[in-house]
Amino acid sequence: MVGAHRYAVSVAWTGNRGTGTSGYRDYGREHLIEAAGKEPISASADRSFHGNADRWNPEELLLAALSECHLLSFLHVAVRYGVTVVAYTDDAVGSMVQTPDGGGRFTEAILRPQVTVSDPGQLELAQSLHAEAARLCFIGASVNFPVTHQPVTVAVTH
């Protein structure tokens, strides 16, 4: 399983309103993200950048990728340590700043996993596994801004 992996997506701009990019406000930011065998994702720019607020934007997709990667890494680590996770949610937030030249960058992402385990005796162990999961997360290891974790772990109550 160790080795190089390649991924392929297609992005197609669908925001031509008839005059192309004839002016900054004359074109839509809508586009479709597709990959073989998967449902397309309707995307756009963030509303503050003249995008369609009803569609996913790149900033949300980056934050979702970080959250999803931590989830999958955490579940993997939990299995390795014998911790049974029965529920997991994350309300992640991220911050981005714009630069005077019109660019920008993320300055941080905060993942806030809410994890439920089946055994109350494993609460401390489960809570500690987030550090290993963070270390194993491919996406988190690929970004140049801090990704912090504020996990809360609870046990099933009967």
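Setting aside neighbours within four places in sequence, Asp90 touches Ser67, Leu111, Arg112 and Pro113. The model here is a predicted one. Asp90 sits in strand E4, which covers residues 85-90. It's a charged residue that ends up buried, yet Asp90 has no salt bridge. The nearest side chain of opposite charge belongs to Arg112, and that is 5.6 Å away, while a salt bridge calls for the charged atoms to be within 4 Å. What the Asp90 side chain does reach is backbone: the nitrogen of Ala92 at 3.4 Å, and the backbone nitrogen of Arg112, which lies 2.6 Å from one of its polar atoms.

Strand E6 spans residues 104-111 and runs parallel to E8, with three bridges joining the two. Leu111 has His149 as its bridge partner in E8. The sheet itself is open, with three strands in the order E5-E6-E8 and mixed pairing. Strand E5 (93-98) and strand E8 (147-149) are the edge strands, each pairing on one side only. From one strand to the next, the twist averages 15°. Helix H1, residues 58-80, packs on this sheet and touches E5, E6 and E8. The direction of H1 makes about 35° with that of E6.

Then there's Thr116, found in strand E7 (residues 113-117). Thr116 counts as buried because its relative accessibility is 18%, and the cut-off is under 20%. Beyond its neighbours within four places in sequence, Thr116 is in contact with Thr84, Val85, Val86 and Ala87, and also with Val154, Ala155 and Val156.

Definitions and conventions
Residues are numbered from 1 along each chain as its sequence is written. This is a predicted model: local features need pLDDT of at least 70, side-chain atom pairs count only at pLDDT 80 or more; totals for chains, interfaces and linings use all residues. Side-chain values use heavy atoms; hydrogens and water are left out. Helices (H or I, at least four residues) and strands (E, at least two) are DSSP runs, numbered from the N terminus. Buried means under 20% relative accessible area, exposed over 50%, partly exposed in between (1.4 Å probe, protein chains only). Lys and Arg count as positive and Asp and Glu as negative; His and the chain ends are not counted. A polar contact is a pair of N or O atoms within 3.5 Å; within protein, one must be able to donate a hydrogen and the other to accept it, and residues adjacent in sequence count only if both atoms are side-chain atoms. Contact means heavy atoms within 4.5 Å. Two strands pair if DSSP finds at least two bridges between them. Axes are lines fitted to C-alpha atoms, for helices over the stretch in contact, and angles run from 0 to 180 degrees between N-to-C directions.
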